[in-house]
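Visitor: I am new to this structure and would like to learn how to read its features one by one. Could you take me through a few of them?

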Amino acid sequence: MIRAIPPQKTRIAAVLLALIALNAAKAEVIFEKHVLDTTFRSEGVAIADVNRDGLPDILAGDVWYEAPTWKMHEMQAPGAYNPNTGYSNTFSNYTADINNDGWIDSITTTMMGQPCHWFENPKNATGHWKKHIGAPSACNETPLFADLFGNGKPVPLFGVQPGGYIAWFSVTDKPESLWTMHTIAGPKAPGSEQFSHGLGVGDIDGDGRNDVLVTTGWWQAPEDRTQENWKFHPANLGPGCADMLVYDCDGDGYNDVITSSAHDYGIWWFRQSRDADGKITFTQHLIDKSFSQVHALKLVDINGDGILDFVCGKRYFAHNGNDPGAREPAVVHWFELRRPEKGKVEFVRHLIDNDSGLGTQFDVGDITGNGKPDIASANKKGVFIFTQK
């Protein structure tokens, strides 16, 4: 027998469906692309309030772009870089108030193995920014400015040559002096070579302290992070990669690792498991292999659901067109992390743009002030921001 649905229940169902549709519309993530520059300036970028007007500006190597009109200003005389045959002098760009004068300074790394510089903010005065050397060598193709202490105050962390060290640096009281080097591992530490691929920071063992990891294992952070020669735990964390993100993907209480191929195809996550004795092992799982040259990754909750997602994209012409898939679209994606049921993980790819890509490092922050994360990128195609509506 077919039972008729009472009109009241029909109306309730219609309201529920309308609410579901409304919530779905609210959950939709839409980015708007803004082209700040079509000249190859840098492969690193930062979001920061340079002129203290309360608006986030964009820094890209030799220049910065002033919000909200994005007028370009020189920090140094801009170099002339050929995107088809060469490289810029900036592979990563970070910001911090290095000299504690209340103004944001610019931190850059150049060709791997060369010095890490910082540029002193002239406090709205005209002219180029004063250039300082922070560290005499910055190796590994993913030099980091990372929250090693978990206190919201990032520190420089990268490989150092000669000798082959992995180290973090603290800024000295004298801005003209080199930063103080704190050795994590070395000499001949894995990941310290000039063109090593893969470096990350995060709490692997769950003791509340951020560890340091490379593709062959991880160094366990001691209580005193200035202690030298941290304990190394060998692990197989895949092929040469870029940023190594540490996050509990499946929600089982153990932090996993996300990596990507910097010059080939492949994005993976490595599920952490522990045996009865507490020994940590990792199992590799493929996330995506539809595009190549993913030379930078960043964790961020894009859709505001309380679960961290990640942003990535193609490093356009990383080796001047000689990498697999180099001439395929220069995409930017965000991958939505879903947990449909306990122990299950889904990564859903969302296209942000197909004609820009990312460099070796990029930044995420609230550029528009609407409380949603936006993206800034700089690479051989130019300088771009993607604002979330």
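Predicted model: local features only at pLDDT ≥ 70, side-chain atom pairs only at ≥ 80, totals over all residues.

Visitor: What kind of peptide bond joins G186 and P187?

Guide: As a general idea, most peptide bonds are trans. The bond that joins G186 and P187, however, is cis, with an omega of about 5°. A cis peptide bond is also found from A67 to P68, where omega is near 5°, and P68 belongs to the loop between strand 4 (63-66) and strand 5.

Visitor: How should I read phi, and what is the phi of R52?

Guide: Most residues other than glycine have a negative phi. R52, which is not a glycine, has a positive phi near 60°, and its place is in the loop between strand 2 (46-48) and strand 3 (57-60). N140 is likewise not a glycine and has a positive phi of about 75°, but N140 is found in strand 10 (residues 139-146).

Visitor: Is N140 buried or exposed, and why?

Guide: N140 is buried, because its relative accessible area is 0%, and the word buried applies under 20%.

Visitor: Which residues of strand 7 lie on one side and which on the other?

Guide: The general idea is that in a regular strand the side chains alternate between the two faces of the sheet. In strand 7 (residues 105-109), D105, I107 and T109 are on one side while S106 and T108 are on the other, and all of them are buried, so that both faces are covered.

Visitor: Where is the place of S88, and what is S88 in contact with?

Guide: S88 sits in the loop between strand 5 (71-74) and strand 6 (92-96), and S88 is counted as buried because its relative accessible area is 6%. Leaving aside neighbours within four places in sequence, S88 is in contact with F40, R41, S42, E43 and Y81. A polar atom of the S88 side chain also lies 3.0 Å from the backbone oxygen of T90.

How values were computed: Residues numbered from 1 in each chain as written. Heavy atoms only, no water. Helix = DSSP H or I, 4+ residues; strand = E, 2+ residues; numbered from the N terminus. Buried < 20%, exposed > 50% of the residue type's maximum accessible area, 1.4 Å probe, protein only. Polar contact = N/O pair within 3.5 Å; in protein donor to acceptor, adjacent residues only side chain to side chain. Contact = heavy atoms within 4.5 Å.
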